[in-house]
Amino acid sequence: MKYIDSFIEYLRVIKKDSVNTLGSYKGDLLELYDFYNDYLNINRDDVSNYLEYLYSRGLNRNSISRKLSAIRSFYNYLVSEGVISVNLFKEVSNPKKREGLPKYVKDNDLEVMFNSFDMDKCLDQRNRLVLEMLYATGVRVSELVNIKLKDINKYDNTIKILGKGSKERMVIYGSFCEDVLDIYLSDGRKVLDKDNSEYLFLNKNGGKLSDRYVREIINNVVRKCEIDYHISPHTLRHTFATDMLNAGADLVSVKEMLGHSSLNTTSIYTHVSNEHIKNVYEFAHPRAK
């Protein structure tokens, strides 16, 4: 017990941890002490047994991760103080976090957002195109702001994208995006272009639009439209993928359009798509309920 008390004192005086943190750490370490009174002389089997004990209690991942972090820090302290020679809990990884389902924008909210711009204003033309292109192509915001005029092929409505790992891919945009693109290129962009820039999206000073400013554009539209949930550039990417799959696109094609290196990354969208299929079944099948 004395080493647990000295460790908590170390956290209080040297690390200046909060009262809540100190209480949590002490509770986690007293639990370990109850399981192993001789916690200074444990082996790998003891570590495995304690892990089994934690998981057997049905604790959530966050609770187990917190307890393991407390224990790892404690044994690191014991090593630094020369009490023990090795921290066996250093080899233990926290449980993997379960991936949440991707958020997406509701159809009616998309329409409200798209229709919220005054297309007689050059900045509104640009901002509308930002939203249209994110949703039409599923590109990442970092890819969007780096689109150059030369990357756009207006004959077949494709854009060459330089993605992660300098991997090139072609994305397609539809007629709605095309109409807004034509307006912006013939009007708004000419006003914004102060120095013959090669980039598609320009700020009011004629420089390349930043990732951060794209997020601010979307935040402003969300506030203006009084939408009560968070929408980011990545939310529009999620929406693109979800809508493509719900409309019958195959997973491999969506993978290529998103620029994913692995099909496993794309497969998270099937959870949303399957939920849509389930809703259709329950609505349409006469013996579903």
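Biologist: Is N62 buried or exposed?

Modeller: N62 is exposed, with a relative accessible area of 54%; exposed means over 50%, buried under 20% and partly exposed in between, using a 1.4 Å probe and protein chains only. This is a predicted model, where local features need pLDDT of at least 70, side-chain atom pairs count only at pLDDT 80 or more, and totals for chains, interfaces and linings use all residues. Residues are numbered from 1 along each chain as its sequence is written, and side-chain values use heavy atoms, leaving out hydrogens and water.

Biologist: Where is the place of N62?

Modeller: N62 lies in helix α4. Helices here are DSSP runs of H or I with at least four residues, strands are runs of E with at least two, and both are numbered from the N terminus.

Biologist: How do the axes of α3 and α4 cross?

Modeller: The axes of α3 (residues 44-56) and α4 (residues 61-80) cross at roughly 150° and come within 11 Å. Therefore α3 is roughly antiparallel to α4, a label for angles over 145 degrees.

Biologist: Which residues make the contact?

Modeller: From α3 there are Y50, L51, L54 and Y55, and from α4 I64, K67, L68 and I71. Contact means heavy atoms within 4.5 Å.

Biologist: Changing topic, what order do the strands of the open sheet have?

Modeller: The three strands run β1-β2-β3, with antiparallel pairing. Two strands pair if DSSP finds at least two bridges between them.

Biologist: Which are the edge strands?

Modeller: β1 (152-153) and β3 (168-172), since each pairs on one side only. β1 pairs with β2 (residues 158-162) over two bridges, and N153 has T158 in β2 as its bridge partner.

Key:
Axes fitted to C-alpha atoms, helices over the stretch in contact; angles between N-to-C directions. Parallel < 35°, antiparallel > 145°, perpendicular 65-115°, else oblique.
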